[in-house]
Amino acid sequence: APRRTAAAAAAACGVAGAATLIADCPSKRQENEIKFPTVLEARLHPRALAKGKEDMKPSVVIIGMRGAGKSTLSSAAGRMLGLKVVDVDDEIEKYVGTDIKSFIEKSGWKAFRDAETLVFERLVESHRYGAIIACGGGIVMSPENRKILKSHPRVVEIVRDIEDIVEYLELDKTRPAYAIQSTRTTYSERIPWFDECAKWQFVIGRGDKNW
């Protein structure tokens with residue numbers, strides 16, 4: 001059975017589509033049931049009940065497994081909403097002075113995770129409002145990063161079927177390989193961390209490419 005059941009609920013976000021989800025993602029419970037016209041649906045995590053500023057909405061942080069579609073959906077939403085999109089991996093590359101794959105091959109995963117935490121913390125602080133912050137798939141591995149995510153009022157997880165992710169990643173040779181284990185094992189290990197940090201989930205149906 002799928003890890004997520006994408007179903008409209010009383011605590012669901014009030015509009016369809018990734019861009020509108022990001023724009024209207026509320027910081028308090030909404031009582032109306034929503035039906036989405038596509039297979040993409042989102043539900044509110046109970047931790048999202050904390051209130052945010054009404055006059056300036058906090059930035060939305062996007063998390064999810066590598067290959068889930070975080071960068072694609074963040075870019076599309078940013079264009080539609082006129083919001084600045086900040087990609088954590090891009091900022092890490094600026095910080096370390098090379099591409100991520102080369103940096104990991106030279107310095108190792110620990111050095112990369114240390115750089116990731118430093119850059120992520122700075123980005124969340126410098127883009128507190130009015131932006132979309134797209135994170136790398138392993139952002140939840142660090143306890144420091146999870147602490148930041150759990151304290152942030154608007155964190156959306158992009159959920160995509162693992163078989164679709166594996167199929168997509170097999171075609172993409174630009175990303176660094178996982179240290180030892182497979183993509184499926186890595187995803188299974190990260191599930192509790194994604195659940196721990198996400199206030200919302202944006203679900204892409206199995207085999208759906210029209211998102």
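With which side chain does the side chain of Ser 142 make a polar contact at 2.7 Å? The partner is the side chain of Glu 144.

This is a predicted model, where local features need pLDDT of at least 70, side-chain atom pairs count only at pLDDT 80 or more, and totals for chains, interfaces and linings use all residues. Residues are numbered from 1 along each chain as its sequence is written, and side-chain values use heavy atoms, with hydrogens and water left out.

**View 1. Ser 142 sits in the loop between strand 4 (131-134) and helix 6 (143-151).** Helices (H or I, at least four residues) and strands (E, at least two) are DSSP runs, numbered from the N terminus. Ser 142 has 9% relative accessibility, so it counts as buried (under 20% relative accessible area, 1.4 Å probe, protein chains only). Its side chain also makes a polar contact with the side chain of Thr 117, at 3.4 Å. A polar contact is a pair of N or O atoms within 3.5 Å; within protein, one must be able to donate a hydrogen and the other to accept it, and residues adjacent in sequence count only if both atoms are side-chain atoms.

**View 2. Helix 5 covers residues 109-126.** Its buried residues include Thr 117, Phe 112, Glu 116 and Leu 123.

**View 3. Helix 4 (residues 100-107) packs against helix 5.** The angle is about 130°, and the axes are 7 Å apart. Axes are lines fitted to C-alpha atoms, for helices over the stretch in contact; angles run from 0 to 180 degrees between N-to-C directions. Ile 100, Phe 103, Ile 104 and Ser 107 of helix 4 meet Trp 109, Ala 111 and Phe 112 of helix 5 (contact means heavy atoms within 4.5 Å).

Technical notes
The expected span of a helix is 1.5 Å times one less than its number of residues. Buried means under 20% relative accessible area, exposed over 50%, partly exposed in between (1.4 Å probe, protein chains only).
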